[in-house]
Amino acid sequence: MTDRSDRTRLIASATRRGRGRRGVSPPIERASTLLNDDPAALRDESAGPVYGIEDLGAARELRSALAELEGAKDAWLVPSGLAAVTVPLTALLRPGDEVLTTDALYGPTRRFLKRHLGHRGVTATFHAPDASTDQILAAVTERTKVLLIESPGSLTFEMVDVPALAEGCRARGVLTVMDNTWAAGLSFKPLAHGVDVSVQAVTKYVAGHSDLLMGAIAASDPAVCKRIAETIEDLGWRVSPDDAWLALRGLRTLPLRYAEQARSALAVAEWLQAREEVAEVLYPPLPGSPMHALWSRDYVGAASILGVVMKGGSEAATHALMAAVELFGLGYSWGGFESLMTHETGQMAYRRGEPALGGELLRIHIGLEDPAELIADLARGLAAWRAVIR
Ligand SMILES: Cc1ncc(COP(=O)(O)O)c(C=O)c1O
């Protein structure tokens, strides 16, 4: 079914699941113990799982649908998006190795590099979020074993040239792991661009309803796949059957939600960009964004998350804005059906360089509400901002 669109394939995998009378969705199979009538077959894994730590029903279907979406030989599920990044790094790095990554890395991933891997003899080096391919490749040393790509980066959404980096890394014997949560497996296919491991927080767009945490890892190279599978086995990760079922349900409507939210996000971004209170909207699909050319070249869609750099301001003004909006939930995460807003200063503080933002930074996630009503709500928020500033 490779000639079909993701939109069709993600649904066709439901109507063609098995034969005979069956549900469109699999049953939720809750089991630690799996009984077997044949004592000789108790350990026989060729006939399917022998214990509940292996993926059952919905998780198996989700894995194969995600592998197909990523164009990967295999995909694995882990209990969070963060674990989807930490597992391949654990699998691929050894004491003495170095991992190179962006300074705009998702904060908890950076913490994992510094604390967990740091205690185990792996060093992390960070490149500027907007570094060129040449600059990033020049930072590769003989100890660099993995380039961890997050593009667009967290909070400020800088992009790097992934195909060129993947090629350069391959030539140097460096593996590439990409946090592809922004593309949700849809708008950019890392493996097709030479990346070794694509991961995403299923928590975000795939689940789509802000009601579960899960991560997915996809890869094709047999040696890389073996290391990842063994690491998951060694660490004992497994996802809940209920969560796998919900994520599989989310996957069916992923392309429509993702596209609709991106449409609204662009409308909101354009409106915000024209406001006098706003210095810059950080959103690669926005024409005029320094990342726009790279995004247009490589992506066929977009996430619905914006960084909004205000003209100066104060924490009090930001809080007034956030208290005034009625449609945006104040809370973390993104990719769900609902609009959200956070005030992002904590993660910026990690960064090596001075954040040259010059103003308060809001992170806005656009959901499935009517975009005109979201814009009216933001106008209400900006009025509250002005009341504090003036
Ligand atoms: C880019 C990125 N990667 C990974 C994660 C982690 O996902 P989870 O919340 O499922 O651990 C997040 C969460 O915000 C994220 O923004």
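Let's start where the parts meet: 39 residues of domain 1 are in contact with 40 residues of domain 2. Contact here means heavy atoms within 4.5 Å. This is a predicted model, where local features need pLDDT of at least 70, side-chain atom pairs count only at pLDDT 80 or more, and totals for chains, interfaces and linings use all residues. Residues are numbered from 1 along each chain as its sequence is written, and side-chain values use heavy atoms, with hydrogens and water left out.

The domains, then. Domain 1 covers 56-249 and domain 2 covers 254-389. Those bounds come from an automatic or database domain assignment. The C-alpha centres of domain 1 and domain 2 are 25 Å apart.

How much area do domain 1 and domain 2 bury between them? About 3,300 Å², with 63% of it on carbon and sulfur atoms. In domain 1, L155, W182 and Y205 lose the most area to domain 2, together 27% of what that side buries. Buried area is the accessible area (1.4 Å probe) that two parts lose on being put together, summed over both.

The rule finds one salt bridge across the interface of domain 1 and domain 2. That term means a side-chain nitrogen of Lys or Arg within 4 Å of a carboxyl oxygen of Asp or Glu. R297 forms a salt bridge with D161, and the closest N and O atoms are 2.6 Å apart. On the domain 1 side that touches domain 2, α4 (107-119) and β3 (123-127) each supply at least two residues. Helices (H or I, at least four residues) and strands (E, at least two) are DSSP runs, numbered from the N terminus.

Next, the sheets. Strands pair if DSSP finds at least two bridges between them. D179 has V199 in β6 as its bridge partner. Axes are lines fitted to C-alpha atoms, for helices over the stretch in contact, and angles run from 0 to 180 degrees between N-to-C directions.

The other open sheet has five strands, in the order β8-β9-β12-β11-β10, again with mixed pairing. Its edge strands are β8 (278-282) and β10 (329-330). Helix α8 (241-273) lies across β8, β9 (305-310) and β12 (361-365), running at about 160° to β8.
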